[in-house]
Amino acid sequence: MATTELAPRTRDDARATGAAMLLGSALSNQVGAATAALAFPVLGPPGVVAVRQWVAAAVLLAVGRPRLRTFTARQWRPVLGLAAVFATMNLSLYTAIDRIGLGLAVTLEFLGPLTIALAGSRRRTDLACAVAAAVAVGALTRPQPSTDYLGIGLALLAASCWACYILLNRTVGRRLPGAAGSAAAAGVSGLLYVPIGLFAMLQHPPTAGALGAALTAGLLSSALPFLVDLVALRRVPAQFFGAFMSVNPVMAALVGLVVLDQRLDAVAWAAIGVIVAANTVAVLRRPA
C-alpha cells in the first residue's frame with residue numbers, strides 16, 4: 001500500500017526536478033548567448049562561434065566517445081549532414097544576434113521546431129497555431145526604418161537549420177547508439193571551424209576578456225545544456241520536453257534586456273507570446 005501511495009509522488013518529484021533542470025538549461029543557453037555577444041566587438045561572430053564549436057566538440061566527444069573507425073558510409077552521411085547543420089546554425093544565429101538582438105533572433109530561430117511540430121498535421125487546432133505564428137512573425141518583421149532584413153534572414157536560416165537538426169538527429173539516433181552520432185558531428189564541425197577560427201583571430205586578435213567570454217559561451221550554450229537535457233529527458237516525457245522548450249524565446253528576451261540592455265516594444269513581446277503559445281499547444285496536442 002505504501003508503495004502505491006509513494007509512486008505518484010515520486011513521479012511528480014521527478015517531473016518537478018526535470019522541469020527545474022530544463023528551466024536552468026534554457027537560462028544557461030541564453031546567458032551563454034548573451035555572454036557571446038559581449039565578445040562580438042573583439043572576435044566577431046565567426047570567432048566566437050569557432051570557440052563555441054571547439055568547446056562543444058571537446059565535451060561531446062568526451063561524453064559520447066564515438067568509435068569513428070567503425071562508422072559505415074550509411075552512418076557517416078547523416079553525421080556529416082548534422083555537422084554542416086551545426087556549423088551553419090550557430091554562425092547564422094550569432095550573426096543574427098549581433099544584428100537584431102538576442103530576443104528577436106532566438107524567437108525567429110524557434111520557428112524551426114514549431115514548423116516540425118505542425119508539419120503534416122490537418123487538425124484545426126494546429127492550423128490555427130500555424131496562422132497565429134505567421135501573424136506573429138509578420139508583426140516581428142514588420143517594415144520599420146530600423147529593420148535589419150539581413151539579420152532577420154539569418155535568424156530564419158538558423159530556424160531552417162534547427163528544423164534540419166531535429167530531422168537529422170532522428171536519423172542519427174536510429175543508426176548510431178547513444179550520443180555517438182552527435183559527438184562525431186560536433187567533432188567534425190569543430191574541425192571545420194579550425195581555419196575559420198584561426199582566420200578570425202588573425203584578423204581580430206583576441207583579448208583575454210573576449211576569449212574568456214567565448215569560452216564561457218561555449219560551456220553555457222553547448223556543454224551544460226546538452227548534459228542537463230540528457231538527464232532531464234529521463235525524468236520528463238518527450239512532449240513535456242518539447243513544450244518546455246518554448247521558454248527559450250521568453251528567456252532570450254529577458255536575458256537580452258537584463259544583460260545586453262536590448263529592449264523590445266509591446267508588439268514584439270506580444271508576438272513572442274503568441275509563438276510560444278502556438279508551440280506549446282502544438283506539442284502538447286500531438287499524439288504521444
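Arg65 is exposed, with a relative accessible area of 69% (exposed means over 50%, buried under 20% and partly exposed in between, using a 1.4 Å probe and protein chains only). Its phi is near 45°, a positive value in a residue other than glycine. You'll find Arg65 in the loop between α1 and α2. Helices here are DSSP runs of H or I with at least four residues, numbered from the N terminus.

A quick word on where this comes from: this is a predicted model, in which local features need pLDDT of at least 70, side-chain atom pairs count only at pLDDT 80 or more, and totals for chains, interfaces and linings use all residues. Residues are numbered from 1 along each chain as its sequence is written, and side-chain values use heavy atoms, with hydrogens and water left out.

Asp261 also has a positive phi, near 55°, in a residue other than glycine. Asp261 sits in the loop between α10 and α11 (266–284), and is partly exposed at 49% relative accessible area.

Now for two of the helices. The expected span in the table is 1.5 Å times one less than the number of residues.

| Helix | Length | First to last C-alpha | Expected span |
|---|---|---|---|
| α2 (73–100) | 28 residues | 40 Å | 40 Å |
| α10 (247–260) | 14 residues | 19 Å | 20 Å |

Over in α10, the buried residues include Ala252, Val255, Gly256 and Leu260.

Those four turn up again around Leu102. Setting aside neighbours within four places in sequence, Leu102 is in contact (heavy atoms within 4.5 Å) with Gln30, Ala33, Ala34, Ile97, Ala252, Val255, Gly256, Leu260 and Gln262.

Leu102 is also among the residues touching the most other members of the largest nonpolar core, along with Val48, Tyr94, Ile97, Leu108 and Ile275; that core has 64 residues. (A nonpolar core is a set of buried Ala, Val, Leu, Ile, Met, Phe, Trp, Tyr and Cys residues joined through side-chain atoms within 4.5 Å.) Helix α1 (residues 2–64) gives the most to this core, with 13 residues. A second, separate core of 12 residues includes Phe86, Leu176, Ala185 and Ala186.

Terms used: Helix = DSSP H or I, 4+ residues; strand = E, 2+ residues; numbered from the N terminus.
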